[in-house]
Amino acid sequence: MGLLSTSGSFTRYAVVEEMTGQLAAQLPELLARYSFRDIDDTSDERSYGWVCLEDWLDPFWRAAPPEKAHFLAFSLRLDTRRVPPAVFKKHFQLALKAEKEAMKETGKTFITKDRKQELKDQVALKLRARFLPIPAVFDAVWNLRSNRVYLATTNSKVKTLFEDYFKLSFNLTLEPLDPYFLARRLADASRHAMIDELEQSPFAGR
Amino acid sequence: MDLIKAALQAPVVGQDFLTWLWFRSEKNGWNFTLKDGGELNVFLEQRLSVRGGSGENVEKAVVTGPHAEFTEAKLGLRNGKLVDKSLLRFERDGNTWMVLLDADSFSLSGLKTPKIETRLEDGDDPDAAFLEKMMLVEQCMDYVDELFTQFLKVRLSPDWNDELRAFREWLEEK
């Protein structure tokens with residue numbers, strides 16, 4: 001979903017650590033270091049990393065730099081290989097059959113649990129290599145002045161991945177600006193204990 | 001950063017806020033004064049959801065419609081439910097923003113800003129459209145922050161009981 005499209009969904013974060021000029025100067029390099037690596041020619045289950053906001057096929061920022069005035073703009077690309085469960089089931093059954101055929105020669109009939117798991121892993125690996133990963137892209141914008149980050153999704157799995165990968169890439173912590181954390185940021189420090197203890201108000205009366 | 005505390009308190013604060021915002025915006029004639037002295041019109045639009053109970057006993061009522069009076073939602077409020085999602089329309093100086101705000105997380109879904117010009121002409125800054133869009137997106141977030149600040153001011157003061165009394169009178173009006 002492009003940031004410039006008519007309507008977009010956002011999750012807001014505040015970066016806990018302070019922004020310094022030195023840190024801001026390092027960010028483009030860190031983006032490049034933790035950029036997306038393609039897995040089309042592998043059997044890897046998934047891959048994720050940063051790509052250029054203007055061109056999600058570009059992990060080198062050749063199309064445009066990430067710096068835009070006091071913003072740093074980039075996208076999180078996540079490629080995932082999904083083997084449909086029915087396809088996996090079929091090929092696992094085939095592998096079991098073949099195994100039983102092979103066992104006939106040695107006179108055995110029982111397949112151990114460990115061997116079954118081994119077959120499962122082999123089938124999964126073989127099938128994964130035959131399926132192309134499905135790409136997904138999520139835009140992110142970092143306001144370096146206010147040190148806030150906007151992620152263009154509300155999907156909780158993507159949010160968790162983004163928070164973890166952000167920490168890994170920049171060694172910075174994201175605080176979600178949910179009502180609790182936002183209240184603590186907007187209200188006076190003397191009110192923090194009160195926010196911690198608030199109970200739902202009896203709007204309709206008791 | 002206490003994430004467990006946040007998980008417990010965020011829905012409490014968020015639902016109180018959206019419930020208050022419905023009442024306060026209607027009471028104010030949909031008009032709020034911002035800290036820069038300007039005025040912001042805040043309307044609740046087409047889609048509103050109220051929630052009550054907890055755990056397995058959660059009950060929800062979602063009201064939609066172009067000219068929804070929210071009668072069902074108000075009935076929900078009377079039965080102790082609170083607003084947990086609301087489609088908001090902000091208007092200022094002829095510009096309009098729309099956003100679906102979630103009470104638990106404050107995630108901003110389907111945020112629509114005023115239209116921007118995305119076609120570039122010769123000599124234009126290639127980032128012009130991006131910067132204009134970001135300014136408009138952040139403006140919407142600022143409006144949410146300002147309304148939330150106004151809420152916190154009364155919520156965290158002894159005046160909250162008076163506010164609740166006024167709320168109940170409003171609730172009985174229709």
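Which residues of H5(A) are buried? I began my notebook with that one. The model is a predicted one, and in it I found A:Pro179, A:Tyr180, A:Phe181, A:Leu182 and A:Ala183 as the buried residues of H5(A).

**Entry 1: around helix H5 of chain A**

Next I looked up what these buried residues pack against. Within chain A, their neighbours are E1, E6, E7 and H6. Chain B joins in too, with helix H1 (3-27) and helix H3 (128-155). I then checked how the helix starts. A:Asp178 caps the N-terminal end of H5(A), with a side-chain oxygen 3.0 Å from the backbone nitrogen of A:Tyr180.

**Entry 2: where the two chains meet**

How many residues of chain A are in contact with chain B? I noted 48 from chain A, and they touch 52 residues of chain B. Between them the chains bury about 4,200 Å², and 68% of that area is on carbon and sulfur atoms.

I also looked for charged partners and found 3 salt bridges between chain A and chain B. In one that I looked up, A:Arg12 pairs with B:Asp145, and their closest N and O atoms are 2.8 Å apart. Counting polar contacts across the interface gave me 22 residue pairs.

Then I asked which elements of chain A supply the side that touches chain B. Those giving two or more residues include strand E1 (7-15), strand E4 (71-80), strand E5 (134-143) and helix H6 (192-197) of chain A. My helix from Entry 1 is back here: H5(A) gives the largest share, 6 residues. Sorted by class, this side of chain A has 26 nonpolar, 11 polar and 11 charged residues.

**Entry 3: a strand pairing across the chains**

I followed E1(A) over to chain B. There E1(A) pairs with strand E6 (residues 108-112) of chain B in the antiparallel sense, over 3 bridges. Opposite A:Phe10 I found B:Leu108 in E6(B).

**Entry 4: on into chain B**

From E6(B) I moved to strand E5 (residues 95-102) of chain B. E5(B) and E6(B) are also antiparallel, with 3 bridges, and B:Leu100 has B:Ser109 as its bridge partner. The two strands form a hairpin with 5 residues between them. In that turn, B:Phe106 has a positive phi of about 60 degrees.

Is E5(B) mostly covered or mostly open? I found it mostly covered, with 6 of its 8 residues buried.

Last, I looked at strand E4 (residues 82-92) of chain B, which runs antiparallel to E5(B) and is joined to it by 8 bridges. B:Arg92 is partnered with B:Asn95.

Conventions. Residues numbered from 1 in each chain as written. Chains lettered and ligands numbered in written order. Predicted model: local features only at pLDDT ≥ 70, side-chain atom pairs only at ≥ 80, totals over all residues. Heavy atoms only, no water. Contact = heavy atoms within 4.5 Å. Buried area = accessible area lost by both parts, 1.4 Å probe. Salt bridge = Lys/Arg side-chain N within 4 Å of Asp/Glu carboxyl O. Polar contact = N/O pair within 3.5 Å; in protein donor to acceptor, adjacent residues only side chain to side chain. Helix = DSSP H or I, 4+ residues; strand = E, 2+ residues; numbered from the N terminus. Nonpolar A, V, L, I, M, F, W, Y, C, P; charged D, E, K, R; others polar. Pairing = 2+ DSSP bridges. Buried < 20%, exposed > 50% of the residue type's maximum accessible area, 1.4 Å probe, protein only.
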